[in-house]
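Welcome! Please keep the sequence and the 3D view open as you read.

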Amino acid sequence: MALRVRFTHPLRSFVASAELTVSRGETLALVGPSGAGKTTTLRVVAGLLRPQSGTVTIGETVLLDTQRGHDVPPEQRRVGYLFQEYALFPHLDVFGNVRFGARDRSRVDDLLERFRIGHLARVRVNELSGGERQRVALARALARDPAVLLLDEPLSALDAHTRAGVRGELFGLLHSLALPTLLVTHDFEDAATLADRVGVISDGRILQLGSPMELVSVPVDPFVATLTGAMLLAGCVVGREDGLTEVALDNGFTAWSADSGVGRVHVAVYPWDVSLGPAVQGDSRLNHFTGAITSIAPIGNRVRVQVGPVVARLELRPGAIATASFKATATRLFPADSGR
Amino acid sequence: MLVVTTGVALLFLVLPIVAVFLRVPLSDLLSALGSSAALDAIRVTAETIAFAMVLILVFGTPAAYWISSRRGAVRDVVVTLVELPLVLPPAVAGIGLLVAFGRAGLLGGTVDALGIDIAFTKVAVILAVTFVASPFFVRTAVAAFEAVDPTLPAAARTLGAGPGRVFFRVMLPLAKGGLGAGAALAFARGLGEFGATIMFAGSLQGVTQTLSLAIYEQFDVDFNVALAISALLIVVSAVVLLSVKLMTRWHSGSGSLILSAPSSRQRN
């Protein structure tokens, strides 16, 4: 049973709209900055927000059809909703929270066992750790046997070291449930690891919808490029030769791109396409930026090094001279006015 | 310097309370409480305030819940109307009740036709107490409902709970500290009700004479009885205040409830 959502709803500074189909067993992630209208979509599906116009269906069941004045109240929709910060009932213990949505006791016992929280049944929810709270919230959201699962920032309330583990568990869970799942996050990495398809959303509009691979290889605009991890270098196209476009960057460097463009442009390049060396190497990497290392930021088991304008082994200390190189084919050009 | 002024202020506030207990021996106070005037007043007060509290809770709780779920002009108007008795001089409340429910009043004919005479009966005391005390409950209850994280009722609905179940299983348990505090405040105000009651219900011993009215009456008759009733009201009020503090502290973590009553009208 697939979930189909289509709606338009005016928010304070923009009109939120979406048209999505999430098939059975598929996870679709909406990624975007906070306030972009991601949660709005989840609230429309759950029935907590009635949009100005739109339809929501699960399989053949119509939950919302504003034209026909049809609106099934939230308590009659089979929707499992994991709220941001989890929204656990503070006046109930773990058992009470899961029991709230369950038909009978045995369902609660099954879920407590499945999520390994049976030993916490009589514990008040405010005494739980972040990871435990998330498991209780998931168990509760599944208590009603939902036909659709909605996850609002399922990992953002967790600290960095529990996060990776919980992400792996969640991925396994989504697979075994085989429900249409709509997930909302501000983190592209979370979206890319958990979802089959990712929609990038900004100001209430879906800018690009595709597999995580597609978004990284062919971002449609600078916003999608930066969200998926690219750097944007501003500059001006000065010429074109041998099929390459020459861009005079605002920071004084020159970049070459296999893309074409005119006038003011943004050169987008991903950090993993950049190699770092002590001196200019005579290889096909056409773009060489030599400069002092301005910053080194560790990210997990890697470090993020900034050389001049480019973030990219060698003597890694701020002030050391390094050259960051990347191929012209690893860049994309976007007209500067499309940047936001 | 600050310590001295604070000390003076504190002494000023505590002295009248202490004086009530020091004037005559404690045994005299206790025996005065056994007088028929005091016992009647205790009975009348207990009956009327219990009835008034039921009315306030049964009508005030849904009203407060409704107000807390509203935004905009309608809500502001309703809140202002609910708060009006709070700032109204009790004598005005008494006149108002009289011309609304009294024999010659607005609804007097209707009430009369039903064979009921309200003015100068226990019903009048109950109405007067309800009128002046309910805003204290409703205001606090609205704040208590509004303090509940709105995602909690939303989560309850996605878990299959209809509006009724959301109210009884989520909102009521989560707001109960504030509701209790509001009820205690309304109770305290109702206990001290004087002006509206004496105008609308009179001061008939055993019928409409509450503790506050009995103090005034016994002032000329048997001063020890007036003192004894005052001492009793001090004890009850202190217990109420303490329970409000405990309820708000226990539930919100901070006992920062403002007892926003015009204090000059608390006991006049």
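Predicted model: local features only at pLDDT ≥ 70, side-chain atom pairs only at ≥ 80, totals over all residues.

Residues are numbered from 1 along each chain as its sequence is written, while chains are lettered from A and ligands numbered from 1 in the order in which they are written.

**The two chains**

- Chain A has 8 helices and 21 strands; helices (H or I, at least four residues) and strands (E, at least two) are DSSP runs, numbered from the N terminus.
- Chain B, by contrast, has 12 helices and 0 strands, so its elements read α-α-α-α-α-α-α-α-α-α-α-α from the N terminus on.
- The C-alpha trace of chain A spans about 70 × 50 × 30 Å along its principal axes, and the C-alpha atoms of chain B fill a box of roughly 65 × 65 × 30 Å, also taken along the principal axes.
- Among the 340 residues of chain A, 44% count as buried, and for the 268 residues of chain B the figure is 40%.
- A residue is buried if 20 or more other C-beta atoms lie within 10 Å of its own, exposed if 12 or fewer, and partly exposed in between, with C-beta atoms placed from the backbone.
- In chain B, 78% of the contacts with a separation of 6 or more are between residues 24 or more positions apart; two residues are in contact if their C-beta atoms, placed from the backbone, lie within 7 Å.

**Where the chains meet**

- The contact takes 15 residues from chain A and 14 residues from chain B.
- On the chain A side, strand S7 (79-82) and helix H2 (94-101) each supply at least two residues.
- By class, that side of chain A has 10 nonpolar, 2 polar and 3 charged residues.
- For these classes, Ala, Val, Leu, Ile, Met, Phe, Trp, Tyr, Cys and Pro count as nonpolar, Asp, Glu, Lys and Arg as charged, and the others, Gly among them, as polar.

**Helix H2 of chain A**

- H2(A) is largely enclosed by the rest of the structure, because 7 of its 8 residues are buried.
- Its buried residues are Val94(A), Phe95(A), Asn97(A), Val98(A), Arg99(A), Phe100(A) and Gly101(A).
- What covers them includes helix H3 (105-114) and helix H4 (130-142) of chain A, together with helix H8 (151-158) of chain B.

**The nonpolar core**

- A nonpolar core is a set of buried Ala, Val, Leu, Ile, Met, Phe, Trp, Tyr and Cys residues joined through C-beta atoms within 7 Å.
- The largest one has 162 residues, and Val45(A), Val98(A), Ala139(A), Leu150(A), Ala128(B) and Ile229(B) touch the most other members.
- Helix H7 (residues 122-146) of chain B gives this core its largest share, 16 residues.
- Leaving aside neighbours within four places in sequence, Val45(A) is in contact with Leu3(A), Val5(A), Val56(A), Val79(A), Val148(A), Leu150(A) and Leu182(A).

- Axes are lines fitted to C-alpha atoms, for helices over the stretch in contact, and angles run from 0 to 180 degrees between N-to-C directions.
- Angles under 35 degrees count as roughly parallel, over 145 as roughly antiparallel, 65 to 115 as roughly perpendicular and the rest as oblique.
- The axes of H3(B) (residues 36-68) and H11(B) (residues 211-221) come within 8 Å and cross at roughly 155°, so these helices are roughly antiparallel.
- By class, the contact of H3(B) with H11(B) has 6 nonpolar, 2 polar and no charged residues.
- H3(B) also packs against H9(B) (residues 163-192) at about 140°, with the axes 10 Å apart, and this pair is therefore oblique.
- The contact of H3(B) with H9(B) has 13 nonpolar, 3 polar and no charged residues.
- H5(B) (residues 90-101) and H7(B) pack at about 130° with their axes 11 Å apart, which means that they are oblique to each other.

- Met231(A) lies in strand S12 (residues 231-241) of chain A and counts as partly exposed, with 18 C-beta neighbours inside 10 Å.
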